[in-house]
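Subject: Structure handover

Hello,

Here is the structure for your files.

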Amino acid sequence: MSKYDQKDIEKALDKKAAYGSDIDLGRYEEGDYEVEQIEKLEDTPDDLQKKMINVGVTSDDDNKDTILFIDNAMSHCSSKAQEGLIMMSTRQAVEQYPWVKDYYWNTMDPTKDKYTAKTYQEDSDGYFVYVKPGYHLKMPVQTCMMLSKNKSIQNLHNIIIVGDDASCDMVTGCTTVHHANDALHVGVSEMYIGKNASLSFTMIHSWSEQTAVRPRTNVVMDQGANYVNNYVVLDPVGNIQSFPSAYLNGEGAKCSFNTMCIAHENSNIDTGGCAYLNAPKTGAELVSRNISYGGRMVARGRLIGNAPGAKAHLECKSIILKDGGITEAIPELEASCADVEMTHEAAVGKIAQEQIEYLMTRGLTEDEAVSMIVRGFLVGGISGLPDNLQKEIDLAIDKANEGD
């Protein structure tokens, strides 16, 4: 089933990523491939449930379809998927449905960098989500990726397929549990959105202060397809580098990337997104709202207009709230066709003192005024977030303002 030469894979194991700091894979051992099987999410240990809730994943298996991965193995998969939905591990899907092989390592080149090469070499498992053509799922699909072992690496390969004229909302929560502070998460995700289909994908990360994170995501979109990607990082983390790409190959396809990050002290976060507008009348919007509380925050965005009638906008806004913090905004626009319209806006600054003083005249303390402004700044450009995230966003902002 391999489409790639093993020598090229081995060579790519030493290939640094295009962006972000380099991670020494030799520092980590393989995460467990045999984990406890949880039949009912409500029976999940309390400490794990708290971690799941913190990343937007509930333990109500009756109302939501859920897959839970701990380290490198699936621990739980909802036994009763809603009509029109197939969900299981990637390996199971390849074995059970031969046609899945056509989507397996099809959008992602495993020689892209050392992280994709490592995932390919390990023949890594992950989650498989397929929405059949014509079905509009009523309840969100949940996936949760947990790291439970210190000095370990989690390699996952996920495939999402939304059939023609279908729709799906997904929430993916990624977190560390127990003592897995200094660990590495690598998640390769390949997504396919059919004609006039839509996918709303919200990824919430809550790691530990030394965790390294390297998600790799490519999305292929057909005619009239719609994709919304929300990426949220509010808690302290060691090192994140993420740059998902959407390929708008069908006429009239639309995508939206929304990023919301807080870079705490000692955090190094490099995020963004890229949209290839390859078909007529396609559209893209990349919005990034980031705050540095002493950490390093890089916001990247790239728009590539390759077809007539393409329209796209890129917006990167950052605030520094603590001396020593660093923010960078790196917008890129590229066009190979005359009939395109692409714009960008980038801004780095601080909270205006007059805004704080105005709110204080309305009865708020200075800390309360700053919290309100920060909250409004973060969520102001982000649409489609799950309702249960609002409380977690508020708590994270309050903790950050307290210096936690």
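A residue is called buried here when its relative accessible area is under 20%, exposed when that area is over 50%, and partly exposed in between. Please keep in mind that this is a predicted model.

Cys-316 takes part in no disulfide, and the nearest cysteine sulfur, which belongs to Cys-261, is 11 Å away. For Cys-174 the closest cysteine sulfur is in Cys-144 at 7.2 Å, which is too far for a bond because a disulfide needs two cysteine sulfur atoms within 2.5 Å. The count of disulfides in the model is zero.

Salt bridges

Side chains of opposite charge can pair when their charged atoms come close. The count of salt bridges is 15. A few of them are described below.

Lys-118 forms a salt bridge with Glu-30, with an N to O distance of 2.8 Å. Lys-118 belongs to helix H4 (residues 114-121) and Glu-30 to strand E1 (residues 29-30), so this pair ties together parts that lie 88 residues apart in sequence. Is Lys-118 buried or exposed? At 15% relative accessibility, Lys-118 counts as buried.

Glu-122 has a relative accessible area of 25% and is partly exposed.

Another salt bridge joins Glu-334 and Arg-302, where N and O are 2.7 Å apart. Glu-334 sits in strand E20 (residues 326-335) and Arg-302 in strand E18 (residues 296-305), so the contact ties together parts that are 32 residues apart in sequence. Glu-334 counts as partly exposed at 38% relative accessibility. Arg-302 also counts as partly exposed, at 23%.

There is a network of salt bridges too, and it links Arg-289, Glu-315, Lys-317 and Glu-345.

Surface charge

Which residues form the negative surface patch? The patch is made of Glu-354, Glu-357, Glu-366, Asp-367 and Glu-368. At least two of its residues come from each of two helices, H5 (353-361) and H6 (366-380). Helix H6 gives the largest share, with three residues. Glu-366 lies in helix H6, and at 44% relative accessibility it counts as partly exposed.

Where is Lys-40 placed? Lys-40 is in the loop between E1 and helix H2 (46-54). Strand E1 is also where Glu-30, the salt-bridge partner of Lys-118, is found. Lys-40 is partly exposed, with a relative accessible area of 44%. The C-alpha atoms of Lys-40 and His-76 are 7.7 Å apart, while the two residues are separated by 36 residues along the chain.

Regards

Note on methods. Residues are numbered from 1 along each chain as its sequence is written. This is a predicted model: local features need pLDDT of at least 70, side-chain atom pairs count only at pLDDT 80 or more; totals for chains, interfaces and linings use all residues. Side-chain values use heavy atoms; hydrogens and water are left out. Patches are made of residues with over 30% relative accessible area and no salt bridge: like charges are joined within 9 Å, nonpolar side chains (Val, Leu, Ile, Met, Phe, Trp, Tyr) within 5 Å. Accessible areas come from the Shrake-Rupley method with a 1.4 Å probe; for residues, only the protein chains shown count as cover. A salt bridge is a side-chain nitrogen of Lys or Arg within 4 Å of a carboxyl oxygen of Asp or Glu. Lys and Arg count as positive and Asp and Glu as negative; His and the chain ends are not counted. The place of a charge is taken as NZ of Lys, CZ of Arg, CG of Asp or CD of Glu. Helices (H or I, at least four residues) and strands (E, at least two) are DSSP runs, numbered from the N terminus. Buried means under 20% relative accessible area, exposed over 50%, partly exposed in between (1.4 Å probe, protein chains only).
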